[in-house]
Amino acid sequence: MDLNEIPMTPHDDQAKRDALIAYGFMLLGLFTGIFWLVGAVWAMTKSSNAKGSVFYDHFQNITGVFWWGLIMSVIGFVLAIFFVGYLILLGVWVWSVFKLIKGAIRLTNDQPYYSS
């Protein structure tokens, strides 16, 4: 059954709004820095409210992008004295853009992040 055929509950609507706000902050944070943290904190604090929603996995995606992005960015900064550090930083940025845009598109189409 397609999710578009299932009426969304107010719980789902709220989870969708919260995830959309987090995606917006995270995408803005790719260019400003501080909003990356704001988006991640927003997603982490709102994820418990989204449990049981069809959009809960979007919060897992957002926090996963944050933590992996942070870890790999630290490694990239440490290795920036070598050329490979810049390649790691570029790779993290491209990967983050892809994951966040994919999530925002799936969210606005009322789809979970991970398809079954």
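User: Which residues make the nonpolar surface patch?
Analyst: Met44, Trp67, Leu70, Ile71, Val74, Ile75 and Val78 make a patch of about 600 Å². Patch residues have over 30% relative accessible area and no salt bridge, and nonpolar side chains (Val, Leu, Ile, Met, Phe, Trp, Tyr) are joined within 5 Å, like charges within 9 Å. A salt bridge is a side-chain nitrogen of Lys or Arg within 4 Å of a carboxyl oxygen of Asp or Glu. Areas come from the Shrake-Rupley method with a 1.4 Å probe, and for residues only the protein chains shown count as cover.

User: What kind of model is this?
Analyst: This is a predicted model: local features need pLDDT of at least 70, side-chain atom pairs count only at pLDDT 80 or more, and totals for chains, interfaces and linings use all residues. Residues are numbered from 1 along each chain as its sequence is written, and side-chain values use heavy atoms, with hydrogens and water left out.

User: Which helix gives the most to the patch?
Analyst: Helix α3 (residues 56-78), with six residues. Helices are DSSP runs (H or I, at least four residues), numbered from the N terminus.

User: Why does Ile71 count as partly exposed?
Analyst: Because its relative accessibility is 43%; buried means under 20%, exposed over 50%, partly exposed in between.

User: New topic. Is Ser53 buried or exposed?
Analyst: Ser53 is buried, at 10% relative accessible area. Ser53 sits in the loop between α2 (34-50) and α3. Leaving out residues up to four places away in sequence, Ser53 touches His11, Asp12 and Ala15 (contact means heavy atoms within 4.5 Å).

User: What do the buried residues of α4 pack against?
Analyst: They pack against α1 (10-32), α2 and α3. Among them are Ile88, Val92 and Leu100.

Terms used:
Helix = DSSP H or I, 4+ residues; strand = E, 2+ residues; numbered from the N terminus. Buried < 20%, exposed > 50% of the residue type's maximum accessible area, 1.4 Å probe, protein only.
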